[in-house]
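Subject: A structure for you to explore

Hi,

I am handing over a structure that I hope you will enjoy looking through. Please open it next to this email, and then read on for what was found in it.

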Amino acid sequence: MNGPWFVELLARNGDVLHRQCVDRLPIRIGRGYDNDVILDDDYAAAAHAVVEQDAAGRLLLHDLGTRNGIVIRGKRRQDAELTGDTVVRIGHTALRVRAADCPVVPELVDRTFHGWEGVLPGAAGLLLAGGVALLARWLGDTEYFALVRYAEALAGGLAAALLWGGIWACANRLFARHARLGRHLFVFGCGAAALAGYALLGSTLGYAFSAEGFTHYASHVATVLIAGMIYFHLCTIRPRNRLRYRWVCAGCAVLCSGLILAGNVQRTGRLSDELYMSVLMPPAIRVSPDHGVDEFMRDVEAMKGPLDRSRGRKPGDDDIDD
């Protein structure tokens, strides 16, 4: 290794917080002002450690007899060899030492979509979240119009968007330096709009064509959409791990769908979320032919024989309890 050498102080996620160049060896590290690298850490000694080079050209870190010592991968060491990737904890400070000839990985392809950050995407996300909340309030409103109910719905939708986006923004700031709140709000707004759109479209198609599957298994579509939201949140934080995020989100969606199916079977004995399609809409939306009362009564009469046989009776027997 050839100098100069760079001592890098690291955050918990591995990002470099500070980088200091040192032209010569040995490198003294500690809290005292006479060190080459000064640590602002109450758990570091005044003279904590020293970096030296042996005859073979290896960088070695030596503990100077301190209380807390030096820790590498959770184990306390008296001496340790420093490669370019060796992370050492001194007190509460994580650091590594790299020489000027230390190789670096190639630059990453920029997939952060900088145009989808800032105020405009955030405002669009809040607008979508507020619109979905107002639409849900309007569809479920069975009373006379009252402005306060719609104001409460709007406030609830905006609060949910800010809470969800704020949590992801904090994670973004912790693991990727920048919060990107606007992007996370936009992802939430699009996800909420997709959920509301499917609920409305699925209910309409189910009612119009008597396709009960649109409503009986709506929870699985919601699971997929939520997994998609989480995928885009994760890609905003670390864009280079897209393939891994796809597998993780897909696995979580399959697991949640399986749990929903198991819960439905345990609760009702059926795989579907509901026993019947409970959506009622104007008759003009219906496309499938209506079934009259006579047809309904014939179907009920046809069910009598199988039900009697399942109860151990003949179809002509009187319904008298023993």
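Let's begin with a term: a polar contact is a pair of N or O atoms within 3.5 Å, and within protein one of them must be able to donate a hydrogen and the other to accept it. Please also keep in mind that this is a predicted model.

With that term in hand, look at Gln53. A polar atom of the Gln53 side chain lies 3.1 Å from the backbone oxygen of Gly57. You will find Gln53 in strand β5, which covers residues 49-53. Gln53 is partly exposed, with a relative accessible area of 35%.

Asp36 is in the loop between β3 and β4. Is Asp36 buried or exposed? At 18% relative accessibility, Asp36 counts as buried, because buried means under 20% relative accessible area. A polar atom of the Asp36 side chain lies 2.9 Å from the backbone nitrogen of Arg28. Neighbours within four places in sequence aside, Asp36 is in contact with Gln20, Arg24, Pro26, Ile27 and Arg28.

Now for the strands around these residues. In what order do the five strands of the open sheet stand? They run β4-β3-β5-β6-β9, with mixed pairing. At the edges are β4 (37-38) and β9, each with a single partner strand, so one side of each has no neighbour in the sheet.

Here is how some of the strands are joined:
- β3 and β4 run parallel and are joined by two bridges; Ile29 stands opposite Val37 in β4.
- β3 and β5 run antiparallel, with three bridges between them; the bridge partner of Ile27 is Val51 in β5.
- β6 and β9 run antiparallel and share four bridges; Leu59 has Leu82 in β9 as its bridge partner.

Next, the aromatic rings. How many aromatic pairs does the structure hold? There are four. One of them is Trp164 with Trp168, a tilted pair with 6.5 Å from centre to centre and 50° between the planes. Both of these residues lie in helix α2 (residues 147-176), four residues apart, or about one turn of the helix. Trp164 is partly exposed, with a relative accessible area of 28%, while Trp168 counts as buried at 16% relative accessibility.

Trp164 also pairs with Phe188: the ring centres are 6.1 Å apart and the planes meet at 40°, so this pair is tilted. The reasoning needs two cut-offs, because planes under 30 degrees apart count as stacked and those over 60 as edge-to-face, with the rest being tilted. This pair links distant parts of the chain, with Trp164 in helix α2 and Phe188 in helix α3 (residues 181-209), 24 residues apart. Phe188 is buried, with a relative accessible area of 14%. Trp164, Trp168 and Phe188 form one aromatic cluster.

Another ring to look at is that of Tyr207: the charged end of Arg286 sits over it, 5.5 Å from the ring centre.

Last stop: Leu275, in the loop between α6 (242-268) and α7 (293-310). Leu275 and His216 are 59 residues apart in sequence, yet their C-alpha atoms are 7.8 Å apart in space. Not counting residues up to four places away in sequence, Leu275 touches His216, Thr268 and Arg270.

Enjoy exploring, and write back with any questions!

Best wishes

Terms used. Residues are numbered from 1 along each chain as its sequence is written. This is a predicted model: local features need pLDDT of at least 70, side-chain atom pairs count only at pLDDT 80 or more; totals for chains, interfaces and linings use all residues. Side-chain values use heavy atoms; hydrogens and water are left out. Rings of Phe, Tyr and Trp (its six-membered ring) pair if their centres lie within 6.5 Å; planes under 30 degrees apart count as stacked, over 60 as edge-to-face and the rest as tilted. Buried means under 20% relative accessible area, exposed over 50%, partly exposed in between (1.4 Å probe, protein chains only). A charge sits over a ring if NZ of Lys or CZ of Arg is within 6 Å of the ring centre and within 35 degrees of the ring normal. Two strands pair if DSSP finds at least two bridges between them. Contact means heavy atoms within 4.5 Å.
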